[in-house]
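Student: I would like to go through this model by question and answer. Please start with the terms.

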Amino acid sequence: MIDTFIIPTLKILIVLNATLVGVSYMTLLERKVIAWAQSRLGPMRVGPQGVLQPIADAVKLILKEDITPSKADKWVFTAAPVISMVPALIVYAVIPFGPVVRLFGRDVSLYITDVNVGLLYIVSVASVGVYGIILAGYASNSKFPLLASLRASAQLISYEVAVTLTLVSVILMSGSLSMVSIVNAQYNAHVWFGFVQPVAFVIFVIGSLAETNRAPFDLPEAEQELTGGFHTEYSGMRFALFFLAEYANMIVVSSVATTLFFGGWLRPFPNVAALHFLDVIPSWTWFLIKSFVFLYLFIWIRATLPRYRYDQLMRLGWKVLIPVAILNLVVTGIVKVMLL
Amino acid sequence: MPITPTHYMLLSAALFIIGVIGVMVRRNIIIIFMSIELILNAVNINLIAFSDQLHNVIGQVFAVFVIAVAAAEAAVGLGIILAFYRNKESVNIDEMNLMRW
Amino acid sequence: MAHAIAFYTLAAFILGFAILVVTTKDTVHSVLFLVLDFLFVAALYVMLNAPFLAVIQVLVYAGGIVVLYLFVVMLVNLKRPPEAHSDPHRMTKFGFGLAGAVLIELGAIVVSGYMKAPAVTSPAQNLPVSGNTEQVGWLLYTNYLIPFEIASMLLLVAMIGAIVLAKREL
């Protein structure tokens, strides 16, 4: 009874709350890091060093007037931000934060569940997230959002192919689709997959930047292009939900990159006995540290690189990333068979 | 009453008939294509129900092929619809009669 | 018992959304009901011990094919609904009646055939791998390699065909 109902519910509550708090503080982190990159200080007024800024933002957005365009499709208009947010949250069901640990006298696994098609589940859920963007543009009943949403969704589905091909290379290395087995395979192979598959890792990072509509691929939502993109007609909490969905997607992609390419919950050099003193840091802390490094990388890239034009973006996705990903897959397959 | 494959076959038959009604009654060609997808899904449900009962994975392999063929057919069919729409500005199947006598 | 509740709930949703797909006047709503239908069918596959097929259903059908339909619907979004004039030659009520008769006949065949037939047994499948995905992959790459390669060629031809058909100038 406890094991089948109470413990998973507790895990879900902890993960969801941590995600939502993390997502709202991501907004503050991004503003601070971009500010420091530009030699200024960022939000400083609310709370010490601006720490309470996300709460102020949330209050402002909740109290804003809720405008729906007159001829817009009401149901779809309301549902689009929700469809954007839900896939970002349900991916956490399969991400492993740590191995099985001993807590309060029982063995608790630090992941909500371990489906044996976990990695494919993540990819399929990400492909359902495209609907939020398409429907947002359509439901606004206005030309600019419609065009912007079609461009954004075309970008998303193009880069999905490249990202999925790199994930197949990781599956070849680990021999299983389950996320926990992939981390265990990295433990058994004594090396993180990011070092064995550098090409796949680079393509994954670039593809994820495009998947989450982040700079330098954020043309569909940039304010200077198409007057604000697919969320032009959205205001208040719905607009906030779109942005929270984008940050949640960023955190999801960082977690997935950590699990697949950087050892998940393993400490550096997990098999070297001499470094056993590093075990005082618990496994889930290593996971959070590595994910944080990825998030910082995403924000750093946004502060540094200029924006891609749309045709350059599509050319990069189809003509560069996909052939390189396929080549990487072929080479991985050949090497794996020869070393068998 | 335990859920036997008969239940799944009845569900599959009902979904199939709903798809067939969609193909016969609607005039918007995109809805007709979507009803064809419903028919293919009904077939898939049947295949996988039997694969589960007979403990043989071959049913699922067949279902994978059905999904691949459905994807190919959807892509080409929608390309044809787009090409036709560019010429005639309509998606009503009653107006797609250029080659009738 | 839980199995039965799950099956009846999923079946009700699947058939309900399928009827909504076929009867809704607005094409975009029809496409959205189709997506929901596919997601519930994927849940049914999970109940049938086919997790790999369930994820492939969501990934390919709900996340790929229906996105394609949504794109085309938005590109041909007409101001007047295409079924404004009803065609006198079309025998709608007769079609409904015929479909209902076929459904009753199919149901009768299914139920009676299953009552009379002996319990079907099949030889145990001996594959060297265990796990649903691994078994499907094993069959695809050993016994059924030729259909697999033909399917991949079919997809290549479909990709080229779709691009050629939808291009503005060749």
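Tutor: Angles under 35 degrees count as roughly parallel, over 145 as roughly antiparallel, 65 to 115 as roughly perpendicular and the rest as oblique. Axes are lines fitted to C-alpha atoms, for helices over the stretch in contact, and angles run from 0 to 180 degrees between N-to-C directions. The model is predicted: local features need pLDDT of at least 70, side-chain atom pairs count only at pLDDT 80 or more, and totals for chains, interfaces and linings use all residues. Residues are numbered from 1 along each chain as its sequence is written, and chains are lettered from A and ligands numbered from 1 in the order in which they are written.

Student: How are α5(A) and α6(A) oriented to each other, roughly parallel or roughly antiparallel?

Tutor: Helices here are DSSP runs (H or I, at least four residues; strands are E, at least two), numbered from the N terminus. Helix α5 (residues 130-139) of chain A packs on helix α6 (residues 143-174) of chain A at about 165°, the axes being 7 Å apart. The pair is therefore roughly antiparallel.

Student: How do the residues of the contact of α5(A) with α6(A) divide into nonpolar, polar and charged?

Tutor: Two residues are in contact if their C-beta atoms, placed from the backbone, lie within 7 Å. From α5(A), residues including I133(A) and Y138(A) meet residues of α6(A), among them L146(A) and L156(A). Ala, Val, Leu, Ile, Met, Phe, Trp, Tyr, Cys and Pro count as nonpolar, Asp, Glu, Lys and Arg as charged, and the others, Gly among them, as polar. The division is 12 nonpolar, three polar and no charged.

Student: Why is chain B described as more spread out than a compact globule?

Tutor: Chain B has three helices and zero strands, and its C-alpha atoms fill a box of roughly 55 × 25 × 20 Å along the principal axes. The globule rule is 2.2 Å times the number of residues to the power 0.38, and the radius of gyration is taken over C-alpha atoms. For 101 residues the rule gives 13 Å, so chain B is more spread out than a compact globule, its radius of gyration being 17 Å.

Student: Which chains have the most contacts between them?

Tutor: Chain A and chain B do not touch, with their nearest C-alpha atoms 15 Å apart. Of the two pairs of chains that touch, the most contacts are between chains B and C.

Student: How many residues does the contact take from chain C and from chain B?

Tutor: The side of chain C that touches chain B has 50 nonpolar, 12 polar and two charged residues. The contact takes 62 residues from chain B and, from chain C, 64 residues.
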